[in-house]
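The sequence and model come first, followed by notes grouped by topic.

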Amino acid sequence: MTHQTPRDAMDYYAINALRENHAGWSLLRAQNAPLAISFFMAAFTGPNQRNLGRQQLIDSLDDVLFGLRDAYGEDKFPRQASEYLDDWAAPERAWLRKYYIQGQDEPRYDLTAAAEDVVRWVESLRGRDFVATQSRLTSIFAVLERLVQQSETDPDVRLKELQNQRDAIDAEMQRIRDGNIRVMTAPEALDHFQQLTALAKDLLSDFREVEQNFRKLDRQVREQIATWDGTQGELLESIFANQQDISSSLQGRTFQGCWDYLMSPESRRKLQELLQRATQIEALAKMDNLHAVTNLHQDWLPAVEQTQGTVRQLSQQMRRLLDDKVFLENKRIMQLIRSVESGALAAREQPPPGDFMTIAAPSVDIILPFERPLYEPSRRVMVDDVVETADDADVDAGALFSQFHVDKERLKSNIDAVLAEAEQATLAEITAAHPIEQGLAEIVAYYQLATESDWASINPEAEQQISWQLEDGSIREATLEQIIFGRPA
Amino acid sequence: MNPAADSASTAETETRTPEELPSVVTRLFKGVLYAEGDEKLWQSLLGLTSQVRDYVSVLGLDLILDESEGYAFLKSRENPDSTLPRLIARRTLTFNVSLLLVLLRRRIMEFDINSSEVRLIMTEQEIVDMVALFRPESSNEARTLDRLRADIKKVVELGFLRKLKGQADTYEVARILKAFVDAQWLEEFDSRLADYRATLAGPLGAGASEEDSK
């Protein structure tokens, strides 16, 4: 983490100040540093995760605590996982950053850059299985070469360099044509792989640091706004000068370059292809974390996007803070609040009784009268809870199941069928052509059809007899007024 | 129901009411519309701002829309001569609740100035500490706390504090408080308090504030 003190002024006092104030150093000095650091490794740096929800963190801390208590007894770590978490995220520790995102009530956490530095330093203390030497040396050569070559302004020298490179490539190609292919040895491959892993982790931690530095810049600007005495114009001028600093700062430009590189489809395709081919290398087949490394770019992209998102959010809020109206109103509001506060303090022992202020409701009171239930006098209901068991032995339950329905449409079509042959027909004629199937109920239905129809007449002077046969073969007969159906005009 | 059907059929030729307008307007009638609460309706509102403004102005209401903060609500148009009956109720607040709103407003402002976060989250204890200075010394702390809890509950009802889910005694201070507790409101608070203190200091001693908010 970069500090305000210039690097060349790291004297006794500066270092002592760091020891007293730096979050990373305080983590190293903390009583429960081993617990905190091992937990940070398990939750954040190990799986390369950021933005973890509180519950998820409590769960992983519980796992760590469970193992430790098992080994050292319950007393060694007496606090709850959540308490440790709150402690580590407290402003005076600042090892974790706690924040809330839109739409979620669960707080989220991320490791601060200072804490990450400590984690990585502690990791480096353990030493490596073997020291990456050759690969480091080659990259030093490569970087040095590029540094020297691309800083060279003399075209002749540059052309000569390129020519040398081409000669070297030609010679290499010739060797391969001759069947002399040199393959990286297994140790060499492992060496390079290890360096790749280290570089990838460095990059991720760079992103975290960049984000933190943007936040720091943001805070500086906010402080400037809060303490500004001059006019708004002067303030804006000063801030724009500062903004210029942010985007043209070393960090800003490096980050932008990284972003552009990652966002370029060409470089992403190339990266993916290279990583894919790296998994095929035989010498690396036994590496556990091979797969993790080939998914590097999947870790990078969200990390870069998050940093980009932070910058976007910061500038949006800054704009809001600098808004004309807000700027002027904030000053006025602060004055008023101070005045109200001193007034309230003075009246503390005898505050105004009763209703004091009103505030507009944020909604329109629409009361729909018909949505309200009307008054209904309650009725006394006598509840007789004595249950008497009736004797149902001789009740025919079959009556319940032998309900039937008279289909009037069927009857109408019967009438229509008869009327197709004749101008008019009596009910007796109709039932003769279409025998009654449902007994008296059917006759009643015919009767009803007749009263509803404009084309039927009921003649009370005459009588007619209609008979039908029951299922058991017996004949029933009904005598009723004569009903005559006529063909509709 | 027939007239409605008729007007719908003739509306084809006239300017048509946009489909989403009724749901946007009725939603605003019901209370504050937050962008994060209903993204779809929020987008409709952004597209229909002028129609909504025209519509509610007929009722003497103004649409207050803050795009960057992500909220919108309806407000009675300030017009002292107006004979319009009030559509939007005014809620009466006790002195303590009013003061709590002022202190929360101050917190939001400081939060905006000092931090880049968007959501101001406070625990009940923080609210208690914030208010403590302004409450009379009392030997019965439990009673003081109960009263403060009642005040907090009232502010939650008003919609300026929101209890977080799954976290006991933790509240989010709604940013919309900034729109309601504005300079004008604070000015009124300040002058009422000054009047009250004048009556306290007066020869007759304590007297109720002369304003009756009914």
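Chain B exposes about 11,900 Å² (accessible areas by the Shrake-Rupley method with a 1.4 Å probe; for residues, only the protein chains shown count as cover), and carbon and sulfur atoms supply 51% of it. The model is predicted: local features need pLDDT of at least 70, side-chain atom pairs count only at pLDDT 80 or more, and totals for chains, interfaces and linings use all residues. Residues are numbered from 1 along each chain as its sequence is written, and side-chain values use heavy atoms, with hydrogens and water left out.

**Chain B overall**
- Chain B has 9 helices and 7 strands (DSSP runs, H or I of at least four residues for helices and E of at least two for strands, numbered from the N terminus).
- Of the 214 residues in chain B, 41% are buried (under 20% relative accessible area, 1.4 Å probe, protein chains only).
- Among contacts (heavy atoms within 4.5 Å) in chain B between residues at least 6 apart in sequence, 56% join residues at least 24 apart.

**Helix H5 of chain B**
- Helix H5, residues 95–114 of chain B, reaches 29 Å from its first C-alpha to its last, close to the 28 Å expected (1.5 Å times one less than its number of residues).
- H5(B) is largely enclosed by the rest of the structure, because 16 of its 20 residues are buried.

- Beyond its neighbours within four places in sequence, B:Val52 is in contact with residues including B:Leu21, B:Val24 and B:Leu63.

Note on methods: Chains are lettered from A and ligands numbered from 1 in the order in which they are written. Buried means under 20% relative accessible area, exposed over 50%, partly exposed in between (1.4 Å probe, protein chains only).
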